[in-house]
Amino acid sequence: MAYMNVWTSVAAYINQQITMIAANGITPAESMKMFDWEAHANIEEAPALHLIGPASLAIDELSNGIYSATFVIGVGSWKDDGLFVHRAMVDFLFKSLKSGTRLSVFDAKTEEPYSWLKIVDGTSVAPMTKANTRALQFIQAEALVDPMA
């Protein structure tokens, strides 16, 4: 269940950040969507919106009940001349994943928070790529998961 709980928690974090990106005036909420990059093999079929979502998640059990999670947040801007919105979204998300930040861990079944993901040193932004009219960039972070008991 650790994997599902952490995946649910990363998705909740992304939805929260989409709200915060809009609240900070970077781009309107209706121009963005949470997007599961792993569930879509063909980027050309993605919605004509700015997309932010999980791209991969890995979990390691460090000891009994103690986990480390590495996750990637994909950002794909849509028809963003000059890439101003794209860069502002990436910057906002990168800052929100600085070392020491705590994200809630939610139970995947009940959606109730019960623990924390604590971001550790090493958050990074990968170089930008382009796919037709969409710029793509990925932010990778690692976190320690408080005991999942």
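Is Lys95 buried or exposed? In this predicted model, Lys95 is exposed, because its relative accessible area is 54% and the cut-off for exposed is over 50%. Its side chain meets that of Asp91 in a salt bridge, with 3.0 Å from N to O. A search of the whole structure finds one salt bridge. Both Lys95 and Asp91 belong to helix α2, where they are four residues apart, about one turn of the helix. An α-helix has 3.6 residues a turn, so residues three or four places apart point the same way. Asp91 has a relative accessibility of 35% and therefore counts as partly exposed.

Helix α2 covers residues 84-96, and its 13 residues should span 18 Å at 1.5 Å a residue; the C-alpha atoms at its ends are 18 Å apart, which agrees. Its buried residues are Val85, His86, Met89, Val90, Leu93 and Ser96.

What do the buried residues of α2 pack against? Their partners are α1 (2-23) and the strands β1 (32-34), β2 (50-63), β3 (66-78), β6 (124-125) and β8 (134-145). Met89 counts as buried because its relative accessibility is 0%, and the cut-off for buried is under 20%. Apart from neighbours within four places in sequence, Met89 is in contact with Ile21, Ile26, Thr27, Met32, His50, Ile52, Val75 and Ser77. Thr101, by comparison, is twelve residues from Met89 in sequence, and the two C-alpha atoms are 18 Å apart in space.

Helix α1 contains Asn5. With a relative accessibility of 4%, Asn5 counts as buried. The side chain of Asn5 makes a polar contact of 2.9 Å with the side chain of Tyr114.

Among the strands that α2 packs against is β3. Strand β3 is mostly covered, with ten of its 13 residues buried. β3 pairs with β2 in the antiparallel sense over eleven bridges, and Ser63 stands opposite Ile66 in β3. The two strands form a hairpin with two residues between them, and Gly65 in the turn has a positive phi of about 85°. β3 also pairs with β8, again antiparallel, over twelve bridges. In that pairing Ile73 stands opposite Ile139 in β8, and Phe71 stands opposite Ala141 in β8.

The remaining pairings described here involve β8. Strand β5 (residues 113-119) runs antiparallel to β8 and is joined to it by three bridges; Leu117 stands opposite Val145 in β8. β6 is also antiparallel to β8, with two bridges between them, and Ser124 has Gln140 as its bridge partner in β8. Strand β7 (residues 129-131) pairs with β8 in the antiparallel sense over three bridges, with Thr129 opposite Leu136 in β8. β7 and β8 form a hairpin with two residues between the strands, in which Asn132 takes a positive phi near 55°.

Technical notes: Residues numbered from 1 in each chain as written. Predicted model: local features only at pLDDT ≥ 70, side-chain atom pairs only at ≥ 80, totals over all residues. Heavy atoms only, no water. Expected span 1.5 Å × (residues − 1). Buried < 20%, exposed > 50% of the residue type's maximum accessible area, 1.4 Å probe, protein only. Contact = heavy atoms within 4.5 Å. Pairing = 2+ DSSP bridges. Salt bridge = Lys/Arg side-chain N within 4 Å of Asp/Glu carboxyl O. Polar contact = N/O pair within 3.5 Å; in protein donor to acceptor, adjacent residues only side chain to side chain.
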